[in-house]
Amino acid sequence: MRAIRFHALGGPDVLRVEDAPEPTPKPGQVLIAVRAVGLNYADTMFTKGQYFIRPTFPAIPGMEAAGEVLAVGEGVTEVRVGDRVMALGDGAYAERMVAPAYSVYPIPAGLSYEQAAALPVQGLTAHHVLTLSGRLAPGEKVLVHAAAGGVGTLAVQIARRLGASFVAGTVGSPAKADLVRSLGADLVVNYREDDFATQIRSAVKEGVDVVLEMLGGTDVYKRSLACLAPMGRMVVYGAATADVRGTVEPVGLMHKNLTITGYYMTPLIKRRELCAPPLAELAAAAAEGALRVIVGKTYPLEDAAEAHRDLAGRASTGKLVLVV
């Protein structure tokens, strides 16, 4: 089978199209004919050796895909051969991948493979950071950083669906601002031109109740905390700027009873009771047209290096997808 592999740590240039052995499903696993692959910023960190999981060479990147079930391992009853599915698993940048049955989900009619490949990581992340970590309640206010990205575009819409009374987003260009407004944001701040903390406090003087933070760095942390209302929560779920050294003074949280919490999806994947219901809800809403899954650009599998350059350059909008 064709696959994207790399044999040494590095940037996009280490990615190569190669022939690789086709995987076979073990007990509890599902073999999938991959039709579309969702790209994630974590993929670029993985090839550089900066992700939580270190690669074993030769390594195939990728953690989510959509396609058809080709075979199932012993004990698998959740899906059958021929089912259209989306899945979370390792080695997605290939014509075939295996995934544990607990992380394989049906694709509803009306949802394309490209849309389905864009949902598992970003959809679950957006839903979880708002509900599990952010504990968003109807009528509360939200600030979404990187609101034009894969998680951000979904988080803006999900916040509205959950009853948020005010949704703000930060973006890096006027075109991205227009997109985020079209998704239902009340306020969009171009962080390259304006200070988002000043703009937020001007729009809602008491502050927002939840901040979704994935940029990283002490300056962003401090300004994000300044946006929070009393009893507010900041959810940290990434560091797109690669600045992981951000610090805060814990005593500074006391005055307004603020909370900082983290979110990391990987340990939750096995918790199907936490993942299956929201993903089914999001997929159904997307199939019905009630939720927009923004696929910013698609690339053939062999152009994975170009896709990584676009992703790392932060010039992309929505989700980037490889088509197999």
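Is Glu 68 buried or exposed? Glu 68 counts as buried, at 18% relative accessibility. Buried means under 20% relative accessible area, exposed over 50%, and partly exposed in between (1.4 Å probe, protein chains only).

## About the model

This is a predicted model: local features need pLDDT of at least 70, side-chain atom pairs count only at pLDDT 80 or more, and totals for chains, interfaces and linings use all residues. Residues are numbered from 1 along each chain as its sequence is written, and side-chain values use heavy atoms, with hydrogens and water left out.

Glu 68 sits in strand β4 (residues 64–72). Helices (H or I, at least four residues) and strands (E, at least two) are DSSP runs, numbered from the N terminus. Beyond its neighbours within four places in sequence, Glu 68 contacts Leu 31, Ile 32, Ala 33, Arg 35, Asp 83 and Tyr 113. Contact means heavy atoms within 4.5 Å.

Ser 224 belongs to helix α7 (residues 218–226). Its relative accessible area is 0%, so Ser 224 is buried.

## Salt bridges

The count comes to 16 salt bridges. Each is a side-chain nitrogen of Lys or Arg within 4 Å of a carboxyl oxygen of Asp or Glu.

Glu 18 and Arg 5 form one of them (2.7 Å, N to O). Glu 18 lies in strand β2 (residues 16–19) and Arg 5 in strand β1 (residues 2–5), so the pair ties together parts 13 residues apart in sequence. Arg 5 is buried, at 14%.

Asp 178 pairs with Arg 181, with the closest N and O atoms 3.2 Å apart. Arg 181 is partly exposed, at 44% relative accessibility.
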